Amino acid sequence: MESSLQSAGLLEQMKIHLSTDAGKEITKKIGLVYQLNIAPKKIGVDEEIFVVDLKEGKVIKGPYDGKPDATFSFTDKDFLSIATGKMNPQIAFIRGAMKIKGSISAAQKFTPDIFPKPSKL
């Protein structure tokens with residue numbers, strides 16, 4: 001995945017993580033598709049799109065072919081904070097650091113628990 005975002009490194013780790021037994025458990029438990037629109041500095045500007053498919057257990061770069069269960073928009077920095085558990089997703093949403101489209105119940109299952117614990121980013 002060619003990207004200038006720090007988040008791409010975490011998503012690359014997630015791709016590997018989803019092929020492990022722990023990753024397969026997450027896929028089985030959640031079974032939803034998330035589209036992530038990650039911007040370098042400002043939401044909506046120069047976003048890179050990634051899909052975390054927890055139905056198929058894969059991560060791809062580019063928009064989802066179909067309708068994702070939930071779409072999130074955030075900056076690179078905020079996404080990393082949320083994914084690593086440094087920022088609570090609800091607080092990020094309230095502060096406007098994260099925007100959500102789609103199913104709110106699906107969005108609530110998008111927690112730091114689904115991400116691999118970062119070794120080093």
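1. Let's begin with the hairpin that E2 and E3 form, with four residues between them. Gly57 in the turn has a positive phi of about 75 degrees. E2 and E3 (residues 58–61) run antiparallel and pair over four bridges, and Val52 stands opposite Val59 in E3. Strands here are DSSP runs of at least two residues and helices (H or I) of at least four, numbered from the N terminus; pairing needs at least two DSSP bridges between two strands.

2. A word on the basis: this is a predicted model, in which local features need pLDDT of at least 70 and side-chain atom pairs pLDDT 80 or more, while totals for chains, interfaces and linings use all residues. Residues are numbered from 1 along each chain as its sequence is written, and side-chain values use heavy atoms, without hydrogens or water.

3. Buried means under 20% relative accessible area with a 1.4 Å probe, counting protein chains only.

4. Do look at Asp76, in helix H3 (residues 76–83). Asp76 is buried yet has no salt bridge (a Lys or Arg side-chain nitrogen within 4 Å of an Asp or Glu carboxyl oxygen). The nearest side chain of opposite charge, Lys41, is 7.4 Å away. The Asp76 side chain does reach the backbone nitrogen of Gln6, at 2.8 Å.

Key. Buried < 20%, exposed > 50% of the residue type's maximum accessible area, 1.4 Å probe, protein only. Lys, Arg positive; Asp, Glu negative; His and termini not counted. Polar contact = N/O pair within 3.5 Å; in protein donor to acceptor, adjacent residues only side chain to side chain.
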